[in-house]
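These are my notebook entries on one structure, set down in the order in which I looked things up.

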Amino acid sequence: MAKILDACCGGRMFWFDKAHPDAVYMDNRRLDTITSNGQHFVVSPDILGDFRDMPFEDNTFSLVVFDPPHLKYAGKTSWLREKYGCLDKETWREDLSKGFRECFKVLKPDGVLIFKWNEKDIKTSEIIKLSPVPPLFGHPSGKASRTQWLVFMKPERMRTDV
């Protein structure tokens, strides 16, 4: 059984080993395309699934990676939308809140959640409010980047009514 879940794997772009034997890769789409900027791009998850309603038992994974779409405003045919997906402008708070709850549900007690977020459209401080557990620490990547990496740990006893 896999120990790691990548809940929104997309093109597995930050993975060194894009077929890591301890990981299961999930996304809500399959895609093999040439993007509008001419790049070949593939999304090939092991499991087709929605991060808001994951098809896994509670307390399954030791590590969950959650890198959901971060854009609210992307053109319908833009390469950014093709590569990263796009949030619904009306339901993004509820969608990401459900995503956090699902990540913690499938995470084992004391398991670690790695969360990646780009602040282009929504500040990280707004996103943190949607998690039932506060982050332990985080770090921006790059000098000018608006990308943040946050680390969470599932408490031994987690409230399920949040």
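Predicted model: local features only at pLDDT ≥ 70, side-chain atom pairs only at ≥ 80, totals over all residues.

**Entry 1: terms and basis**

I count a residue as buried under 20% relative accessible area, as exposed over 50%, and as partly exposed in between (1.4 Å probe, protein chains only). Helices (H or I, at least four residues) and strands (E, at least two) are DSSP runs, numbered from the N terminus. Residues are numbered from 1 along each chain as its sequence is written, and side-chain values use heavy atoms, with hydrogens and water left out.

**Entry 2: helix 2**

I looked up helix 2, which runs over residues 92-106 and has 15 residues. From first C-alpha to last, helix 2 reaches 21 Å, close to the 21 Å expected at 1.5 Å a residue; the expected span is 1.5 Å times one less than the number of residues.

Which residues of helix 2 are buried? I noted W92, D95, L96, S97, G99, F100, E102, C103, F104 and V106. I then asked what covers the buried residues of helix 2. The cover includes strand 1 (4-6), strand 6 (61-66), strand 7 (107-118), helix 3 (124-128) and strand 9 (147-153). Contact here means heavy atoms within 4.5 Å.

**Entry 3: L96**

Leaving out residues up to four places away in sequence, I found L96 touching F51, F66, P68, L87, W117, I127 and L130. L130 is 34 residues from L96 in sequence, yet the two C-alpha atoms are 6.8 Å apart in space.

**Entry 4: salt bridges**

How many salt bridges does a search of the whole structure find? The search finds 10, where a salt bridge is a side-chain nitrogen of Lys or Arg within 4 Å of a carboxyl oxygen of Asp or Glu. I recorded several of them.

- R12 and D46 meet through their side chains at 3.8 Å, N to O. R12 lies in the loop between strand 1 and strand 2 (23-27) and D46 in the loop between strand 4 (40-43) and strand 5 (47-48), so this pair ties together parts that are 34 residues apart in sequence. R12 is buried at 12% relative accessible area, whereas D46, at 43%, is partly exposed.
- R52 pairs with D50, the closest N and O atoms being 2.5 Å apart. R52 is partly exposed at 34%, and D50 is partly exposed at 25%. D50, R52 and D95 are linked in a network of salt bridges.
- K98 pairs with E94, with the closest N and O atoms 3.1 Å apart. Why are K98 and E94 separated by about one helical turn? They are 4 residues apart in helix 2, which means a separation of about one helical turn. An α-helix has 3.6 residues a turn, so residues three or four places apart point the same way. K98 is partly exposed at 29%, and E94 is partly exposed at 46%.

**Entry 5: backbone angles**

R12 has a phi of about 55°. D110 has a phi of about 70°. D110 lies in strand 7 and, at 42% relative accessibility, counts as partly exposed.

**Entry 6: T147**

T147 is placed in strand 9. Is T147 buried or exposed? At 11% relative accessibility, T147 counts as buried. The side chains of T147 and N118 are joined by a polar contact of 2.9 Å. A polar contact is a pair of N or O atoms within 3.5 Å; within protein, one must be able to donate a hydrogen and the other to accept it, and residues adjacent in sequence count only if both atoms are side-chain atoms. Not counting residues up to four places away in sequence, T147 touches K116, W117, N118, H139, P140 and S141.

**Entry 7: a surface patch**

F137 is found in strand 8 (residues 137-140) and, at 52% relative accessibility, counts as exposed.
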